[in-house]
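Subject: A structure for you to look at

Hi there,

Here is the structure I promised to pass on. Have a look at it first, and then read on for what turned up.

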Amino acid sequence: MKNARVNINIADCLILLFGITALSVSYFIHSSEATTKHILLILILLLYFYFKTVFIQHKSARYWLNLFFLLTGLIEACWGFRQLHGYALSYHGRFSLTGSFFNPGPYACYLSIILPIALYYLLRDWKCLTIKFRLRYWFIYLRFAIAALTFIAIASVLPSTMSRTSWLAGLGGCSWVLFSFTTRKKCIKTYYLAHKKRIIFFLSCLIILFLIGCLGIYFLKKDSADGRAFIWKISIQT
């Protein structure tokens with residue numbers, strides 16, 4: 001319907017290669033027939049390229065999709081609060097916090113994906129709040145309010161999941177968002193030469209904190225980490 005050119009980038013090729021590799025390995029090595037997981041993987045690949053085409057032809061659609069993700073993250077975080085305080089039952093007998101998922105692991109990972117999106121729109125829409133109120137910016141005001149609520153709710157409930165993977169994923173995503181905003185209008189090389197000592201000191205502190213954090217999350221659930229490493233060792237030997 002719209003004569004908009006859809007370019008194929010490296011990410012598209014990697015995603016397509018991943019799908020082909022997964023299907024090929026499952027079929028030729030394990031000699032397995034087509035299952036629900038295979039069909040689901042094919043449908044997800046088709047859905048990805050469908051969304052890519054739609055978002056290029058209709059750029060405003062991506063804002064509505066991100067708003068949808070923010071709303072689902074807010075709902076999931078509120079769901080988790082209800083489970084923590086005993087107002088809702090979890091979907092796993094051994095865990096009190098699962099959201100709408102069966103296990104707190106995927107629940108926490110989903111929240112960690114939404115967290116950087118909420119932070120991005122918090123930083124992006126902040127400038128509109130510093131100027132005079134205008135009714136035509138109602139969508140930006142609504143998005144900022146939802147992003148703020150989502151970020152606060154997820155940041156509050158995520159530590160209770162005890163999922164180290166989600167903590168690292170959320171921290172990495174938010175760090176990238178902050179980095180992209182701080183270097184958007186600056187030349188990295190010029191900024192580095194002007195503040196070389198400060199940057200080196202700041203990076204050294206980050207590395208030290210990262211190492212301390214890695215030790216902390218290891219000893220937080222030491223038996224779980226050792227058990228996973230033991231499974232990996234047996235799998236490699238097999």
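A word on naming before we start: helices are DSSP runs of at least four residues, numbered from the N terminus. By that count, Ile208 lies in helix H9, which covers residues 196–220. Ile208 also belongs to a nonpolar surface patch of about 610 Å², together with Phe202, Leu203, Leu206, Leu209 and Ile212.

Please keep in mind that this is a predicted model. The average pLDDT for the protein is 83, and 91% of the residues score at least 70. Among the elements, H4 has the highest mean pLDDT, at 91, while helix H8 (residues 188–194) has the lowest, at 59. Where pLDDT is low, the predicted coordinates should not be read in detail.

Next, the second largest pocket, which holds about 460 Å³ of space. It is lined by 19 residues, and those closest to its centre are Gly105, Thr161, Met162, Ser163 and Lys221. Helix H4 (104–124), helix H7 (164–182), H9 and helix H10 (222–237) each give two or more residues to this lining. H7 gives the most, with three residues. By type, the lining has seven nonpolar, eight polar and four charged residues.

Finally, the salt bridges: there are three. One of them joins Asp12 and Lys52, whose closest N and O atoms are 3.0 Å apart. This pair links distant parts of the chain, with Asp12 in helix H1 (residues 10–29) and Lys52 in helix H2 (residues 36–57), 40 residues apart.

Enjoy exploring!

Best wishes

How values were computed: Residues are numbered from 1 along each chain as its sequence is written. This is a predicted model: local features need pLDDT of at least 70, side-chain atom pairs count only at pLDDT 80 or more; totals for chains, interfaces and linings use all residues. Side-chain values use heavy atoms; hydrogens and water are left out. Patches are made of residues with over 30% relative accessible area and no salt bridge: like charges are joined within 9 Å, nonpolar side chains (Val, Leu, Ile, Met, Phe, Trp, Tyr) within 5 Å. Accessible areas come from the Shrake-Rupley method with a 1.4 Å probe; for residues, only the protein chains shown count as cover. A salt bridge is a side-chain nitrogen of Lys or Arg within 4 Å of a carboxyl oxygen of Asp or Glu. On a 1 Å grid over the protein atoms alone, a cavity is a set of points where a 1.4 Å probe fits but cannot get out, and a pocket is an open set with protein on both sides within 12 Å along at least five of seven lines; lining residues have an atom within 4 Å of a point. Grid points are joined across faces, edges and corners, and a volume is the space filled by probe spheres set on the points. Ala, Val, Leu, Ile, Met, Phe, Trp, Tyr, Cys and Pro count as nonpolar, Asp, Glu, Lys and Arg as charged, and the others, Gly among them, as polar. pLDDT is the predictor's confidence in each residue, from 0 to 100.
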